[in-house]
Structure formats: C-alpha cells, structure tokens
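Thanks for coming, everyone. I have one chain to show you today, so please look at the screen.

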Amino acid sequence: MQNPFIMDHPLIQHKISLLRDKHTGSKEFRELVSEIAMLMCYEATRDLPLTEVEIQTPIATAKSKILSGQKLAFIPILRAGLGMVDGVMKLVPAAKIGHIGIYRDPDTKQAVEYFAKFPTDIANRTVILLDPMLATGVTAVDAIAQIKKRNVLDIKFMCIIAAPEGLKAVQEAHPDVQIYCAVVDEKLNEHAYIVPGLGDAGDRIFGTK
Ligand code: URA
C-alpha cells in the first residue's frame, strides 16, 4: 500500500471543500469532520483480517465472514482529534478509545505531553491515531512514540489534511506507521498553520474563536 495513502474519494473531497470554507460554522464543521472520519475509517480498515463462520439463516446454513484477529483502539490527539471520534465509532462501535494530549511548545518547538490514558489491553490492539491536521508532525511523532512505548505493534495514523513537512517528519521517525490522509496541502506558514488548510481545526470544531 502507498504510504501515505491518499483518500481522494469524491465524497471526501467535496466535504473537504466545505470544511475549508471560512463561512462554514461550527455545527456544520463538526458534522463534516465526523463524516469524513467515518468515510476514511471505512478505507483504513480495509485490511482487517476476516475469518469464515457458519451462520444459520432462516433458509439454510451460510458460510460467512466476521472480523478476526486484533481488536481496534482509536486514539484522538486532543483536542481536534476528538472531532473524528464519533465518525469512526459509528463504523466500529466495539473499539476502545484512548486519549493523548500533546501540544507543540511554540518556543522550544518540542512536544509537551499533558495527558495520556490508554485502554489497558492496548498492546493487543491495532491502534488508529486520529488528528485532522498533520502540520509540523511534532505532536504526531511524539504520540506514536508514546503508543509504541506501550508495546503496540500495529499503528495507523489518520489525518484529513497533511502538510508535506508533517508527512516527512512522521515517515522519517516512524516508517512502519501507515498514514492515511485525504489531501496533501502546499506548505506550512510561519505560524505552523497549513496553507491553504482550513485554519485552526480545534477552534472551528469547538467554536472557541
Ligand atoms: N493545526 C490546525 O488546526 N491547523 C493547522 O493549520 C495546523 C495545525
């Protein structure tokens, strides 16, 4: 599979155009982030292993398939990643959810972790890390390192918009992590915002600006 895997499905691309629009209000923005996350999750779970079972239908016995192997955990990076949680949970309601709070210190440019709570059995799960924006990559690189410290072997990272700088940082630090994104933008500006991007995803999701 290509890494990053770009999800250029027309429905996703259409919804991203609505997301980018500065006239889109918080309610619609939140709904769009959730819908895009659900569509992306559909594709990001394409390689989940299946096992064959026999099911008794009202008519006959059917050979059918169910999910097998590792269970899933979603880990949103606070706070914007929270906006993706209900979309992905609609598709995989049995998944567990961890949380990680990290920000990039504007002076030191280093990651500062202020919160982490993961499912106790996380080492036995496939983890999909969620953040709508991959900008410098500092927080994603650190979040993945924190998850690896818990002995997780299969980690995927799902973002909606990525900057080339962030993709490079994650791929250099964690070449084993499959990245899914919907679009790669042009660059970062001097404040580490993605250009053209969509502004501050957290502020737009939670209406804090
Ligand atoms: N985080 C955001 O919310 N937006 C950006 O453009 C970059 C990081």
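Some ground rules first. This is a predicted model, so to speak of local features I need pLDDT of at least 70, and side-chain atom pairs count only at pLDDT 80 or more, while totals for chains, interfaces and linings use all residues. Numbering runs from 1 along each chain as its sequence is written, and side-chain values use heavy atoms, with hydrogens and water left out.

Now the overall picture. The chain has six helices and 15 strands. Those are DSSP runs, numbered from the N terminus: helices are H or I with at least four residues, strands are E with at least two. The radius of gyration is 18 Å, close to the 17 Å from the globule rule for 209 residues, so the chain is as compact as a globular protein of that length. That radius is taken over C-alpha atoms, and the rule is 2.2 Å times the number of residues to the power 0.38. Along its principal axes, the C-alpha trace spans about 65 × 40 × 30 Å.

How much of the chain is buried? Of the 209 residues, 45% count as buried. Buried means under 20% relative accessible area, exposed means over 50%, and partly exposed is in between, with a 1.4 Å probe and protein chains only. The exposed surface comes to about 11000 Å², and carbon and sulfur atoms supply 55% of it. Areas are from the Shrake-Rupley method with a 1.4 Å probe; for residues, only the protein chains shown count as cover.

Contacts next. A contact means heavy atoms within 4.5 Å. Take the contacts between residues at least 6 apart in sequence: 63% of them join residues at least 24 apart.

Charges, briefly. There are 24 positive and 25 negative side chains, and the centres of the two sets lie 3 Å apart. Lys and Arg count as positive, Asp and Glu as negative; His and the chain ends are not counted. Each charge is placed at NZ of Lys, CZ of Arg, CG of Asp or CD of Glu.

On to the cores. A nonpolar core is a set of buried Ala, Val, Leu, Ile, Met, Phe, Trp, Tyr and Cys residues joined through side-chain atoms within 4.5 Å. The largest one holds 38 residues, and Leu19, Met40, Phe74, Leu130, Met158 and Ile160 touch the most other members. Elements giving two or more residues to this core include helix H1 (10-20), helix H2 (26-44) and strand E4 (71-78). Which element gives the largest share? H2 does, with eight residues. A second, separate core has 24 residues, among them Ile77, Phe118, Ile144 and Cys181.

Back to Met40. Setting aside neighbours within four places in sequence, Met40 contacts Met7, Ile12, Met158, Cys159, Ile160, Tyr180, Cys181 and Ala182.

Met89 sits in helix H3. This residue is buried, at 18% relative accessible area. Beyond four places in sequence, Met89 contacts Phe74, Ala95 and Ile97. Met89 and Cys41 are 48 residues apart in sequence, yet their C-alpha atoms are 9.2 Å apart.

Not counting residues up to four places away, Asp203 touches Ser26, Arg79, Thr208 and Lys209.

Tyr103 is in strand E6 (residues 99-104). This tyrosine is partly exposed, at 40% relative accessibility. Leaving out neighbours within four places, its contacts are Gln110, Ala111, Val112, Tyr114 and Thr139. The C-alpha atoms of Tyr103 and Val138 are 8.4 Å apart, with 35 residues along the chain between these positions.

Last, the backbone. Most residues other than glycine have a negative phi, and most peptide bonds are trans. Now look at some positions here. Asn3 and Pro4 are joined by a cis peptide bond, omega about 5°. Pro4 is in the segment before strand E1 (5-6). Val195 to Pro196 is also cis, with omega near 0°. Pro196 lies in the loop between strand E15 (194-195) and H6.

Two positive phi values remain on my list. Lys109 has phi near 65°, and is found in the loop between E6 and strand E7 (111-117). Lys109 is partly exposed, at 44% relative accessibility. Ala192 has a positive phi of about 65°, and lies in the loop between strand E14 (187-188) and E15.

That is my tour. Thank you.
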